[in-house]
Amino acid sequence: MKLLLNVLKRIHKPAVCSSQPRCRSSSARSGLLPLRDEALIVGSNPELVQRLGPQVEVRTGFITEEEEGAFMQELELGLKKKRYEFDHWDGAIHGYRETERVMWGERCEEVLSRVRSGAFPEGSPLLGPVHILDLDKTGYIKPHIDSVKFCGSTIAGLSLLSDSIMRLVKEDNAEEWLDLLLPRFSLYILRDQARYNFTHQILKDEESVFNGQRVPRLRRISVICRNLPS
């Protein structure tokens, strides 16, 4: 089956969003230094951050270390049978392995149920397979917009194994951008305009700096859920 991200559309002094409880990180399990009251979302200007605020979320500590371990137990054997690829067919991803999964064990299914109920509009039909994207430490995802033919208004992803930075850039105006700090164990959600009109990417390790703070990028696995187009 052709994987979902195989159909992609190709296409900095930041303003910090006002701190909100859901945007704080103090987890000792993350590789990040304590961020005190700094938000996990910064942008090119305060107006953009405020405008996109309801459409972009980072929920820290969404899963526990034990729940991460449950996902790894289910995924690792299959992923190890694949090689990291460094020449994605359209150049969108570098240093990756990917797969899809429909059936999950009880522990993982409980987590995915939380994702589905918390991230997607009530009654929204969801894409059946969950997309798994495994980035090598040297891997990264280039700017893209997920295909509107296969994906609906909302994208939600769990971050396993590593902190990372996701960058959103307005498709028709590169001066408008947001950086999202995605700590390990977090859930990110992109909705509506943030999903349709902004490219998103995961930065390389050597470029992984958030609001002046270095954020080391290790191997990262994302577990991604999407709804269907309306």
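In which loop is the place of F185? The views below, drawn from a predicted model, begin with that residue.

**View 1. F185 and S186 in the loop between strand 9 and strand 10.** The place of F185 is in the loop that joins strand 9 to strand 10, and S186 is found in this loop between strand 9 (173-182) and strand 10 as well. The backbone of F185 has a phi near 80°, a positive value in a residue other than glycine. With a relative accessible area of 1%, F185 is buried, and S186 is buried with a relative accessible area of 0%. Leaving aside residues up to four places away in sequence, S186 touches V58, R59, T60, G61 and F62, and also G157, L158 and S159.

**View 2. Helix 3 and its buried side.** Helix 3 comprises the 14 residues 106-119, which at 1.5 Å a residue should span 20 Å, and the distance of 20 Å between its end C-alpha atoms agrees with that expectation. Its buried residues are C108, V111, L112, V115 and A119. Because these residues cover an arc of only 95° around the axis, they lie on the same side of helix 3. An α-helix has 3.6 residues a turn, so residues three or four places apart point the same way. On the other side of helix 3, E106 and S117 are exposed. The cover over the buried residues of helix 3 includes helix 2 (65-80), together with strand 6 (130-146), strand 7 (154-160), strand 10 (187-191) and strand 14 (220-226).

View 3. W104 has its place in the loop between strand 5 (93-101) and helix 3. At a relative accessibility of 11%, W104 counts as buried, because the cut-off for that class is under 20%. Residues up to four places away in sequence being left out, W104 touches F71, E74 and L75, as well as E109, L112, V130 and I132. W104 and V130 are 26 residues apart in sequence, and their C-alpha atoms are 9.8 Å apart in space.

**View 4. The largest cavity and its lining.** The largest cavity holds about 100 Å³ of space. It is lined by 15 residues, of which I141, M166, Y188, H200 and I224 are the closest to its centre. Strand 6, strand 11 (198-202) and strand 14 each supply at least two residues of this lining. Sorted by class, the lining of the largest cavity has 8 nonpolar, 4 polar and 3 charged residues.

**View 5. The second largest cavity.** About 30 Å³ of space lies in the second largest cavity. Its lining is made up of R116, L126, L127, G128, P129, V130, C225 and R226, which divide into 5 nonpolar, 1 polar and 2 charged residues. V130, part of this lining, is also among the residues that W104 touches.

**View 6. N211 and V215 in the loops on either side of strand 13.** N211 lies in the loop between strand 12 (209-210) and strand 13, whereas V215 lies in the loop between strand 13 (213-214) and strand 14. The phi of N211 is near 50°, a positive value in a residue other than glycine. N211 counts as partly exposed, at 32% relative accessibility, while V215 is buried, with a relative accessible area of 1%. Although V215 and I165 are 50 residues apart along the chain, their C-alpha atoms are separated by 7.8 Å.

Key
Residues are numbered from 1 along each chain as its sequence is written. This is a predicted model: local features need pLDDT of at least 70, side-chain atom pairs count only at pLDDT 80 or more; totals for chains, interfaces and linings use all residues. Side-chain values use heavy atoms; hydrogens and water are left out. Helices (H or I, at least four residues) and strands (E, at least two) are DSSP runs, numbered from the N terminus. The expected span of a helix is 1.5 Å times one less than its number of residues. Buried means under 20% relative accessible area, exposed over 50%, partly exposed in between (1.4 Å probe, protein chains only). The arc is that of the directions from the helix axis to the C-beta atoms. Contact means heavy atoms within 4.5 Å. On a 1 Å grid over the protein atoms alone, a cavity is a set of points where a 1.4 Å probe fits but cannot get out, and a pocket is an open set with protein on both sides within 12 Å along at least five of seven lines; lining residues have an atom within 4 Å of a point. Grid points are joined across faces, edges and corners, and a volume is the space filled by probe spheres set on the points. Ala, Val, Leu, Ile, Met, Phe, Trp, Tyr, Cys and Pro count as nonpolar, Asp, Glu, Lys and Arg as charged, and the others, Gly among them, as polar.
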